[in-house]
Every structure is written in C-alpha cells, then in structure tokens.
Amino acid sequence: MTRHRAWGHVLLQITILVTAFVAMVGFSVVLAKVTLTPSPASEDLVTSNLHPGRSLRQYAEDYTFLAACKQAGGNLVLGMPFGVLLPVLVPRRLRMVRMVLLTVLVIVVVELVQGALVAGRAFDIDDVILNTTGALLGYLLLGRRLSHRYHVLAAEPGRKAAPARTRRPKPARPRTTKRTGRVTATWTRMRQGVRAGVTRRRVRKG
C-alpha cells in the first residue's frame, strides 16, 4: 500500500512538472510571436529607451487612457506566466529571487534580439520593468501557493515516518517456586506460634 502511494506521488509530481514545462514552452512561443513580429509601420517612430520611466511618461502624455492601459497592461499580463510557472520549475530555495532573475534575463534577451534584428522594434527598459512587475504579481496571486503545494507534494515521499510509540515493558512479577512457597508457609506458622505463646503467658500472669 505504501509503495503504491509513493508511485502515485511520483506520477502526480511528473505530471505537474511536464504540464508546467509544456505551458512554459507554449508561453515562450506566444512571447516570441508578440515581441519578435516585425512592425515596418513603426520603424521610423520607435527608438531605444534606456531611461526607466520615459516610456511610461509617454503613455500618460501622448496616449489615450485606453491605449495607455492596453500598452502597460499588456506588458504586465505578458510577464505573469513567469511568476506562475517558473516557481514550479526552479528549486524551492529562494524561488522568488530565482524567478525574478530568470524573468529579467529572458526579457532582456528578448528585448535585445527584437531591437537588433526585428524591424519596427526597439529595446525598452520600461518593458523589462513592466514584465518583471507582472511576474511578481503572478507569483503573489497564484505562483507562490501553486509552487508551495507542488514542492510539499514532491517532498512527501522522502519524509521519514514518525517513530511509533513503544510501550514500556511492565516489570515482571517474581516467580515463586514450590520450595520458596513451603519455606514462606513454614516461616508464617512459626511466627503465628510465637505470637500465640506470648499471648498465653500474658494471660497466665494476669
């Protein structure tokens, strides 16, 4: 029964891990399609941004409210899967720090590639900030609980069972042999005889 339960834990762990990996691959494809698709119409308008906050100010000043929400919100949503899926795939220790570092690394690489190779795209540090913020939101909303349950499930087969409580053995009663019983009975009769003799003498004297 214990062996079947252990195999069930292993299969469930593998299923969750494979699902998270497949979802991460699918998300990477979507990310590449969104960020690495050429946009020739914007080639003369887009410039690289290395100053944090400049693009955000541009959204607030030059864009309509809906367009600014769409631009900033899209970057936030694009980073959320990192915060949900990466904590499951990375080790449990310092998982939030590892998730943030991996998210920043991936987004920086994507931004550099699209800025160097894709027409109408440019490196924007604000996109990195928004994507990383989205990853943190995804982690706090769902990724933390999901990864915690997964890592607890993965650690269950390796836990040592609690030692069973052992009852203290009761002290054994001394065994009496027939010879010991006879000696005890003889000694008792002798004591009773002595007491009876003492009582008779007191009666006579009285």
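Is Gln114 buried or exposed? Gln114 is buried, at a relative accessible area of 5% (buried is under 20%, exposed over 50% and partly exposed in between, with a 1.4 Å probe and protein chains only). The model is predicted, so local features need pLDDT of at least 70 and side-chain atom pairs count only at pLDDT 80 or more, while totals for chains, interfaces and linings use all residues. Residues are numbered from 1 along each chain as its sequence is written, and side-chain values use heavy atoms, with hydrogens and water left out.

**Whole chain**
- The chain has 6 helices and 0 strands (DSSP runs, numbered from the N terminus: helices are H or I with at least four residues, strands E with at least two).
- Of the 206 residues in the chain, 24% are buried.

**Around Gln114**
- Gln114 is part of helix 4, residues 95–117.
- Not counting residues up to four places away in sequence, Gln114 touches Thr35, Leu36, Arg121 and Ala122 (contact means heavy atoms within 4.5 Å).
- The Gln114 side chain also reaches the backbone oxygen of Ala122, at 3.4 Å.

**Helix 5**
- Helix 5 covers residues 125–155, and its end C-alpha atoms are 39 Å apart, short of the 45 Å that a straight helix would reach (the expected span is 1.5 Å times one less than the number of residues).
- A kink of about 55° in helix 5 is centred on Tyr139 (the bend is the angle between axes fitted to the seven residues ending at a residue and the seven starting there).

Note on methods: A polar contact is a pair of N or O atoms within 3.5 Å; within protein, one must be able to donate a hydrogen and the other to accept it, and residues adjacent in sequence count only if both atoms are side-chain atoms.
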